[in-house]
Each structure stands twice: as structure tokens, then as C-alpha cells.
Amino acid sequence: LSEKLQNVFKNLRSKGRLTEADVKAALREVKMALLEADVNFKVVKGFIKDVQERAIGQDVMNGLNPGQMVIKIVNEELIRLMGSETTEIKLQPGSAITVIMMAGLQGAGKTTTTAKLAGKFKLKGKKPLLVACDVYRPAAIKQLEINGEKQGVEVFSMGNKNKPADIAKAAMEHAAKNGNNIVILDTAGRLHIDEDMMAELQEIKEAVTVHQTILVVDAMTGQDAVNVASSFNDKIGIDGVIVTKLDGDTRGGAALSIKAVTGRPILYVGMGEKLSDLEQFYPDRMASRILGMGDVLSLIEKAGAELDEEKAKKMADKMKKAQFDFEDYLDSMEQMRKMGGLSSIMGMMPGMGNMAGKMPDLDSEESEKKMAQMEAMIFSMTPEERRNPDLLNPSRKHRIAKGAGVDIADVNRMVKQFNESRKMMKKLPGLMGGKGGKRGRF
Ligand code: GDP
Ligand code: MG
């Protein structure tokens with residue numbers, strides 16, 4: 001597939017903005033990739049349409065060709081679609097018991113995942129109780145008991161003579177007496193979406209207060225996952241999803257379909273049969289996997305890093321010659337913001353290097369406030385003053401302090417730090433010469 005993509009890229013020669021032809025050509029390949037990854041057809045169609053609208057007319061980033069630019073946009077959209085960050089299972093506050101109900105088709109991995117989750121909660125100092133509500137297969141209770149024992153977590157069961165809703169109720173009493181703060185109900189699945197199964201889950205929900213209903217879906221079921229997820233969401237309502245069996249060779253398009261159709265977040269992914277094989281869900285990793293264009297994506301990332309490196313080198317040159325002025329100061333702050341982290345490049349900035357040691361948390365609100373203050377001061381300078389810091393005499397500093405709403409002492413301090421680091425840079429030739437961090441960033 002990526003060979004095909006390379007060909008598409010070669011044919012796209014236009015520079016500047018993405019044309020309709022650029023976008024359409026690249027999106028044909030993306031569409032194939034998504035369908036190959038088992039993303040639901042309707043979801044693919046909607047997705048392609050959205051991206052097409054967004055992409056046409058966008059600037060092509062330096063260092064990328066139009067096809068790669070489209071892929072960059074596609075990747076960002078995939079990440080956005082799956083929820084831009086990781087989501088935790090929401091627990092009840094304080095010592096209140098959180099009730100989690102596991103739902104899903106037979107064989108999806110509910111019982112296994114129940115025990116996996118219990119292990120995670122235990123590590124966090126919680127005291128989970130696992131409840132055997134699958135009364136149809138005698139082996140199911142045994143399976144939960146064995147897994148619970150492996151995890152060192154208590155399992156509550158009443159055999160198979162009671163209704164699941166009654167078992168859940170009894171389990172709540174047990175948990176209250178026993179000091180459990182999380183109750184996980186392992187329910188029975190069916191081979192297909194089935195009214196009895198939904199009715200049973202509904203009954204459990206009526207019998208006890210369920211705080212989180214978690215749908216467990218097998219990644220290998222591919223496009224079926226959409227029907228499963230939307231049925232469960234319509235009939236009983238779900239709060240989050242766990243996608244299992246991603247250790248197989250499926251690209252995991254199910255994850256995208258599910259999120260697109262239910263709007264519910266994916267919480268964890270199952271990566272194997274062992275009880276430790278449950279991982280946090282990372283939308284960016286999933287997007288890359290679904291797209292299956294790892295080589296193209298790393299190329300795109302590299303282009304982004306090179307762009308930063310170019311800028312960084314220019315700035316480093318200026319620093320070496322002590323030509324670094326307040327305009328550059330502003331630039332570096334802007335770039336820092338784009339990179340999302342202060343600490344990574346803080347030490348490289350004049351003045352900030354000194355502060356870095358004194359500040360306990362570089363990404364803290366306080367240091368952000370300091371940055372904003374500094375920025376305000378620079379904005380209050382005339383362009384001339386920014387380019388030539390030596391101009392700053394007391395009356396100018398006074399004006400700047402007023403403009404930025406700070407004390408003159410603050411202005412003095414900043415200018416002093418700035419001058420000190422300029423001096424230091426002059427003394428240390430070669431300090432700034434090499435490449436920056438491990439990705440050539442600041
Ligand atoms: P349930 O019917 O929904 O309770 O599903 P089970 O928990 O019994 O799991 C069905 C099968 O899938 C078992 O053989 C599990 O070991 C297996 N399984 C569950 N999760 C995973 C996973 O993330 N990866 C792999 N490879 N197998 C899994
Ligand atoms: Mg089970």
C-alpha cells in the first residue's frame with residue numbers, strides 16, 4: 001500500500017495550497033486504507049467527506065508534498081475523532097462504591113477484562129469486588145473465580161439459580177459490609193444482539209445503581225462492531241468502551257467505528273490473554289495503526305522536526321553572536337507554545353536558563369504566568385527597542401512597566417537577565433552549535 005502512496009505523491013507536484021485534485025487523489029488511498037483496516041463503510045464515507053472539505057485550500061507545510069500534507073490532515077482528524085486524549089473510568093467521589101457493569105457479546109472478553117480492570121484498580125489502592133452475573137454457562141463463574149484469585153481480588157457468586165439482577169443486589173450488600181469500593185458486574189453475553197440479553201442488562205440497571213456501563217468489543221469483529229456498539233448504546237446506554245484482542249493482526253478499525261457511532265470514549269485496549277495485558281488507549285497510536293502508514297507518518301513528523309530545527313539553528317547562530325534580541329525572544333516563546341512544553345526548551349532561552357533551576361515545575365501555571373508577563377513587557381517595547389535592547393534607559397523602562405502593568409523592578413530584572421545570558425553566550429562559543437534535543441528541537 002505504501003508503495004502505491006509513494007506513487008501518488010510523485011504525481012502530485014503542485015506547491016502552495018492543496019488543490020481539489022491533490023486532495024482527492026490522496027484520499028482515494030486513505031479510503032482504501034481505512035476499509036482494509038475494517039472501518040465501517042459508512043464511517044469511512046463520512047470521514048472522507050469531512051477531511052476533503054477541510055483539506056482543500058490548506059497550505060502545504062514546508063518539507064512535505066501535497067499528498068503527505070493530506071495524510072497529515074487525515075491523521076490529525078483520526079486522532080480528533082477518537083478523542084484527543086486518554087479517558088479514565090470515572091469513579092464515585094470519596095468512599096462511595098462505584099458500580100461498573102461490563103456488557104458485550106459472548107467471547108468479546110468481558111470476563112477476562114473484568115479481572116484485568118480489577119488488577120488496575122487494586123494497584124491504585126482500591127478494593128474491587130467481582131460479581132459473577134453470567135449464570136448461563138457454569139464455566140463462566142469458575143472462570144471469573146480463577147481470574148479473581150490470580151489477581152488477589154474477591155469474587156462474589158451465587159451459582160446459577162438466581163437472576164442476574166438479584167445477584168447484583170446481593171453483591172451490593174456484600175460490598176457495603178465488606179468495605180469494597182468498586183463493584184464490577186461480569187454479565188452474560190450472547191452470540192448476537194439479542195432482546196433477552198438487553199432486557200437482562202436493563203433489569204440489572206433497575207436493581208442497582210450502575211455508574212459506568214462499559215462495552216467490551218472484540219477488535220477482530222471489524223465492521224460488526226458498529227452494529228454492536230450502536231445497539232448497546234441505544235438499548236442500555238454505554239459510558240465507555242474497551243476494545244480487546246488488539247494483539248492480533250487486525251488494524252483495529254473497529255475502534256474508529258465505535259467512537260464515530262456512539263461518541264463514547266475508548267478507555268482501554270486488550271493486548272493479550274494475560275491479565276496484565278490491558279493498556280491505556282492512546283488515540284494517536286490507534287490512528288497510526290488504523291491508517292497503516294507508519295512510514296509516511298514518521299516522514300511527516302520528521303519534516304515537522306526539521307522545520308523546527310531550521311529555526312532553532314538560526315536562533316542559535318544569533319545567540320552565539322550575541323545578536324539575540326527581544327524579537328527573537330518573542331519568537332522562541334511562540335515556538336515553545338507550539339511545541340507544547342516549556343521545560344524542553346526553557347533552558348536554552350536567555351534569562352530563562354537561570355530561572356530554570358529555581359523553578360520547581362517548569363510547566364506550572366506560575367511559570368506560564370511569568371512568561372505571559374515577560375511577553376507583555378516585550379509587547380510594550382517599540383520595535384526599535386526590541387531589536388536593540390541597549391536603548392533601554394530608565395525613562396523607556398518606566399514606560400514599558402506602565403504599558404505591561406508591572407513594576408519597574410520587573411522590567412529591570414528581565415533586562416538584566418537578558419543581558420547576562422547574552423554575555424554568557426558570547427563567552428561560550430560552541431555551546432549552541434550542535435543539534436538540540438533528541439529530535440533536533442530546541
Ligand atoms: P466473555 O465471553 O466476553 O466473557 O469473553 P472472555 O473473557 O471469556 O474471553 C474470550 C476469549 O478471548 C478468552 O479466550 C480470552 O482469553 C480471550 N481474550 C480476551 N481478551 C483478549 C485480548 O485482549 N487478547 C487476546 N489475544 N485474547 C483475549
Ligand atoms: Mg464471560
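Biologist: Which residue in β5 does Met101 stand opposite?
Modeller: In this predicted model, Met101 stands opposite Thr213 in β5. Strands are DSSP runs of E, at least two residues, numbered from the N terminus. Residue numbers start from 1 along each chain as its sequence is written, with chains lettered from A and ligands numbered from 1 in the order written. Local features need pLDDT of at least 70, side-chain atom pairs count only at pLDDT 80 or more, and totals for chains, interfaces and linings use all residues.

Biologist: How many bridges link β1 and β5?
Modeller: Four bridges link β1 and β5, in the parallel sense; strands pair if DSSP finds at least two bridges between them. β1 also pairs with β4, in the parallel sense over five bridges, and there Met102 has Asp186 as its bridge partner.

Biologist: What is the strand order of the sheet?
Modeller: The order is β3-β2-β4-β1-β5-β6-β7-β8, in an open sheet of eight strands with mixed pairing.

Biologist: And which strands stand at the edges?
Modeller: Those are β3 (154–156) and β8 (278–280); each has a single partner strand, so one side of each is left without a neighbour in the sheet.
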